[in-house]
Amino acid sequence: MADEKGRYSNAFTATLAGIADLFRKQKNAVVLSDDDVITGKNILITGASSGLGFEAAVQLARRGAHVYMACRSGIPEKGEKVMQHTGNRNVVMLPVDLSDIESIKKLVGQLKEAAVKIDVLIENAAVVPSGSRKTKQGIEEMFMVNYLSKFLLTRWLLDNNLFNTDGGSIPRIIFVSSESHRNPKAFDWDGFGKYKEYSMGKTVELYGYYKLLMTTYANELARRLNPTSQHRYSIFALCPGPVNSNIARESPAIFKPLLKIVFGIFFRSPKVAVQPVVYFAASSDVKDKTIDYLFLMSRKEMDAKATDVENGKKVWRLSEELLNQHGVVFQKSFPPRI
Ligand SMILES: NC(=O)c1ccc[n+]([C@@H]2O[C@H](COP(=O)([O-])OP(=O)(O)OC[C@H]3O[C@@H](n4cnc5c(N)ncnc54)[C@H](OP(=O)(O)O)[C@@H]3O)[C@@H](O)[C@H]2O)c1
């Protein structure tokens, strides 16, 4: 994958790379069928107030799911919009700020209180900040929202038995990643979770690095949740390609008019770009898969760094140690597969 390196190292090359990808011929295409309804399945989506997450809520509600929209903003109007668009009244909005450990704890508490058993978790939220910012707990915000909150949310949902495994049901956990996960040359183990100052020039590079951490975690999660030949959980990751969403909201004001034009012409609407998310949430084609990755609607290998077993173990251990330092102790441990 040597030719993939450097494509997402800054905002300009990342935008060009995203557009070029749309025009490349895609191999191993998958097809989303209208017959894949998911009536009554409980689906939790983070970052459902905007872009891809909102569209996932609409399309999955349309397919009959009970949709839980975990959002920082847009409460209650975004949920009402989903109900209006789909006629499905089984839409619940849950407030959460994924940059805040306490807020994630409250979200899990609310789900527990409501005795919701999740069939599909869509870890979608992300931020592309104009520069480094500290969260309430003093963690770097993009690291927390784009990676660590995902580790924490899945682990707490597992600790509290909030996935639906009744009667042999196999929960699906979907990570919205990006092809930019291929960009980092190596892991920064010594700097893991340490707060560092940066400005916009470094944001895109770090964005790719946090997507690599998340994708590596996805692989490790698939190994640990399926320690034997028995398939218990399905873990999926995907890149939706360039999406005309609010992701570049913090870009410098001077570039915004140009970005609006480029996004409008070349980037895909959330309605189209969300297809791989809906496919992984609803398709019966992937019911036997413990791990899978899509780029657009084509199956692809993830970067070798993300699938490497030793990297997976290390990402898991360092994430757990970091959260321990913030007072988080998990009840359930999932030993690495030897
Ligand atoms: N757009 C692209 O070209 C592209 C390409 C590849 C991958 N992706 C991935 O696609 C996913 C969705 O992004 P998008 O393009 O749809 O962008 P978006 O329109 O900006 O949506 C991002 C969502 O994340 C939420 N969010 C951000 N920080 C949060 C926090 N601290 N707590 C809770 N929610 C928070 C936002 O909530 P608010 O509305 O409250 O801010 C929003 O709902 C992301 O994982 C992104 O990395 C996007």
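**Entry 1: strands 4 and 5**

I began with the pairing of strand 4 (residues 120-123) and strand 5, which run parallel and share four bridges. I kept in mind that this is a predicted model. Looking for the bridge partner of I122 in strand 5, I found I174.

**Entry 2: how covered is strand 5?**

Next I asked how many residues of strand 5 (residues 172-176) are buried. The count came back as five of five, so I noted the strand as mostly covered, with buried meaning under 20% relative accessible area.

**Entry 3: on to strand 6**

Strand 5 has another neighbour to check: strand 6 (residues 234-239) pairs with strand 5 in the parallel sense, over five bridges. I picked out two facing pairs here. V176 is opposite L238 of strand 6, and F175 is opposite A237 of strand 6.

Is strand 6 enclosed or open? I found it largely enclosed by the rest of the structure, because six of its six residues are buried. By face, S234, F236 and L238 are on one side, with I235, A237 and C239 on the other; they are all buried, and both faces of strand 6 are covered.

I followed the pairing one step further. Strand 7 (residues 291-295) pairs with strand 6 in the parallel sense, again with a bridge count of five. In that pairing I found Y293 of strand 7 opposite A237.

**Entry 4: two single residues**

I looked up N164, which is in the loop between helix 5 and strand 5. Is N164 buried or exposed? Its relative accessibility is 15%, and the cut-off for buried is under 20%, so I filed N164 as buried. I also checked what its side chain touches: there is a polar contact with the side chain of D119, at 2.9 Å.

Then I turned to L221, a residue of helix 6. L221 has a relative accessible area of 0%, so I wrote it down as buried. I also took its C-alpha distance to G312: 8.4 Å in space, although L221 and G312 are 91 residues apart in sequence.

**Entry 5: out to the surface**

Last, I looked for nonpolar side chains on the outside. Which residues form a nonpolar patch on the surface? I got F23, I261, I265 and F266, which together have about 460 Å² of accessible area. Helix 7 (residues 256-266) gives the largest share of the patch, three residues. F23 belongs to helix 1 (residues 11-23). I checked F23 on its own too: its relative accessible area is 65%, and exposed means over 50%, so F23 counts as exposed.

How values were computed. Residues numbered from 1 in each chain as written. Predicted model: local features only at pLDDT ≥ 70, side-chain atom pairs only at ≥ 80, totals over all residues. Heavy atoms only, no water. Buried < 20%, exposed > 50% of the residue type's maximum accessible area, 1.4 Å probe, protein only. Helix = DSSP H or I, 4+ residues; strand = E, 2+ residues; numbered from the N terminus. Pairing = 2+ DSSP bridges. Patch = residues over 30% accessible without salt bridge, like charges linked within 9 Å, V, L, I, M, F, W, Y side chains within 5 Å. Areas by Shrake-Rupley, 256 points an atom, 1.4 Å probe, with all protein chains shown as cover. Salt bridge = Lys/Arg side-chain N within 4 Å of Asp/Glu carboxyl O. Polar contact = N/O pair within 3.5 Å; in protein donor to acceptor, adjacent residues only side chain to side chain.
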